[in-house]
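Colleague: I am new to this structure. Could you walk me through how to read it, one feature after another?

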Amino acid sequence: MAHFASAYCNINTYPVTKNFFRITDSYSAISLNSALQTHRCPKKIFESCKLRQQKPSIFRATATPTSKEIEKNPLSGSFQGDPSSKSKKVMIIGGDGYCGWATALHLSNKGYEVAIVDNLVRRLFDHQLGLESLTPITSIQNRIQRWKSIAGRTIQLYIGDICDFEFLSEAFKSFDPESVVHFGEQRSAPFSMIDRSRAVYTQHNNVIGTLNVLFAIKEFSEECHLVKLGTMGEYGTPNIDIEEGYITITHNGRTDTLPYPKQASSFYHLSKVHDSHNIAFTCKAWGIRATDLNQGVVYGVRTDETEMHEELCNRFDYDGVFGTALNRFCVQAAVGHPLTVYGKGGQTRGYLDIRDTVQCVELAIANPAKPGEFRVFNQFTEQFSVNDLAKLVTNAGKKIGLDVQTISVPNPRVEAEEHYYNAKHTKLIELGLQPHLLSDSLLDSVLNFAIKFKDRVDAAQIMPTVSWKKIGAKPRTVSV
Ligand code: NAD
Ligand code: USQ
């Protein structure tokens, strides 16, 4: 089955175009070149995407630096390596993305041997849709070189698509990971609801990519622990407490512990449900060891490592397709745009600071699942409704002199706007997670960060443009 993404240009502002290309696998992105050239794709992305037409591309930096190299480095004092974990090899799929980049640096700083696997498709989506991170981000190659010059640590880089099993096999055989952290998916619910082609792309990319990772573990690294990023959205908003992965049910006098019911509410969230089922099945059938991290909505941008140099800066999305609630609200407050509460604003979700994302992943790796075990952790630290977030940002904004307004936007999604929500999240705390809770000072710092980059904000990207109900089979090429 071919998987593809439409390259129709910006759904908001670009003119209608007939350009369309398929991203099938690494070898057949023939019209990709012309599409990228037409839209003046930055050279780095263009070159990276061209690589998809070639045989698996494996970029490797030099070996881990010697202690002498680390000593010479002015920042080597910040290296927090733990000798017992130094030999641990961790492959980070999706390591050029928001959660993946922060995690790659964090684990490298902690002494893990890290390899990033990424096809850079996220940079391409931005280009196609005319979006840009609030923060300027440099190429993955520059990021890795900068990290080496600062921390003296090598991160290996494998550029390619995990839906291409030949590429993934080469990466596995060459790096031989002990843990794989899988962030490498199309992760935006609105993106998956733009049109049929984006829905198909999302489910193909995510489900087949994960299936390939499972096969690669079975074939090449049977002992390897899979740490897979799932989502709290798999559970939906049931009218009972949400457990961590499993629920014990007594029915007609018999009792069993079963996977917690899933009620996802976008084609993206549904792809995660299917991933979870495939992983659970292969744990049972092949003895794979896996941890599904059902993560809530992530906010913030700074981690200890990304702060070390501007070229290590993480991406920060604020647009209506990839931007998530709290990050969007901080940027909206910074530029004087009213906070966009969808519908009644009672939608409640779990949230966590990106510094806790990296901690949780580290804890999951350091305490692996047993062979055959399919573990599920709910990865968030606090619950908020959208109205709660709007109030918090309004108050924090006032303290730094911002006049923050809120508007109720007709909800572009189909979701409960007032509902019960109480999700358990104790397993990562039991493993040692020390949460960074959303305090005034933290909100101040995210707001000030947004203010620092406010000249880069494209106000036309703030309002939502993707409607769950209006999704159609027809390729979406223009704004609604
Ligand atoms: P992101 O879009 O910033 O990063 C994803 C990365 O994966 C990108 O660099 C992209 O190029 C890469 N990728 C996608 N498909 C690939 C493929 N087929 N082969 C190789 N690389 C591929 O997303 P993120 O915000 O960092 O999210 C990472 C993971 O965490 C996702 O699985 C997402 O579902 C999950 N998650 C994110 C959040 C959040 O708030 N950001 C919350 C819960 C769960
Ligand atoms: N929302 C608003 N206004 C906005 C943006 C969002 O009211 O301007 C509302 C949405 O309607 C939704 C809630 O805020 O009810 C969360 O939306 P979001 O865009 O912050 O997050 P979501 O689409 O759920 O997706 C994000 C990530 C995804 C991850 C998910 C975790 O993009 O990868 O899986 O958070 S969770 O929400 O727990 O499923």
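Colleague: What is the mean pLDDT of the protein chain?

Modeller: pLDDT is the predictor's confidence in each residue, from 0 to 100. Here the protein chain has a mean of 86, and 81% of its residues reach 70 or more. Over residues 1-79 the pLDDT is below 50. Beyond near neighbours in sequence, that stretch still has 174 contacts in the model, a contact being heavy atoms within 4.5 Å.

Colleague: What ground rules apply?

Modeller: This is a predicted model: local features need pLDDT of at least 70, side-chain atom pairs count only at pLDDT 80 or more, and totals for chains, interfaces and linings use all residues. Residues are numbered from 1 along each chain as its sequence is written, chains are lettered from A and ligands numbered from 1 in the order in which they are written, and side-chain values use heavy atoms, with hydrogens and water left out.

Colleague: How many helices and strands does the protein chain have?

Modeller: Helices (H or I, at least four residues) and strands (E, at least two) are DSSP runs, numbered from the N terminus. The protein chain comes to 15 helices and 15 strands. Look at its contacts too. Among those between residues at least 6 apart in sequence, 81% join residues at least 24 apart.

Colleague: What share of the 480 residues is buried?

Modeller: Buried means under 20% relative accessible area, exposed over 50%, and partly exposed in between, using a 1.4 Å probe and protein chains only. Of the 480 residues in the protein chain, 59% are buried. Surface is a separate figure. Accessible areas come from the Shrake-Rupley method with a 1.4 Å probe; for residues, only the protein chains shown count as cover. The chain's accessible surface is about 19,400 Å², and 52% of that belongs to carbon and sulfur atoms.

Colleague: Now the ligands. Which residues are closest to ligand 1?

Modeller: A residue is near a molecule if one of its heavy atoms lies within 4 Å of it. Ligand 1 is surrounded by 27 residues, and the closest are C99, D118, N205, Y268 and K272. By class, this shell has 10 nonpolar, nine polar and eight charged residues. Ala, Val, Leu, Ile, Met, Phe, Trp, Tyr, Cys and Pro count as nonpolar, Asp, Glu, Lys and Arg as charged, and the others, Gly among them, as polar.

Colleague: Which backbone atoms lie close to its oxygen atoms?

Modeller: Think of polar contacts: pairs of N or O atoms within 3.5 Å; within protein, one must be able to donate a hydrogen and the other to accept it, and residues adjacent in sequence count only if both atoms are side-chain atoms. A backbone N or O atom of C99 is 2.7 Å from an oxygen atom of ligand 1. For a polar backbone atom of G97 the distance to a ligand 1 oxygen is 3.2 Å. V121 also has a backbone N or O atom 3.2 Å from an oxygen of this ligand. Taken alone, ligand 1 exposes 830 Å², and the protein buries 98% of that. At least two shell residues come from each of α4 (98-109), α5 (121-129), β6 (225-231), α10 and β10 (297-299).

Colleague: How many residues surround ligand 2?

Modeller: The count is 23, with T231, Y268, A325, T340 and E415 the closest. An oxygen atom of ligand 2 is 2.6 Å from a side-chain N or O atom of E415. The corresponding distance is 2.9 Å for R328 and 3.3 Å for R349. Taken alone, ligand 2 exposes 730 Å², of which the protein buries 95%. Two or more shell residues come from each of α10 (267-286), α11 (325-335) and β11 (339-342).

Colleague: Is D275 buried or exposed?

Modeller: D275 counts as buried because its relative accessibility is 0%. It is in helix α10. Its side chain makes a polar contact of 3.4 Å with that of T210.

Colleague: What caps the N-terminal end of α7?

Modeller: D164 does: a side-chain oxygen lies 3.1 Å from the backbone nitrogen of E166. Helix α7 covers residues 165-175, and its buried residues include F167, L168 and F172. D176 follows α7, with a positive phi near 55 degrees.
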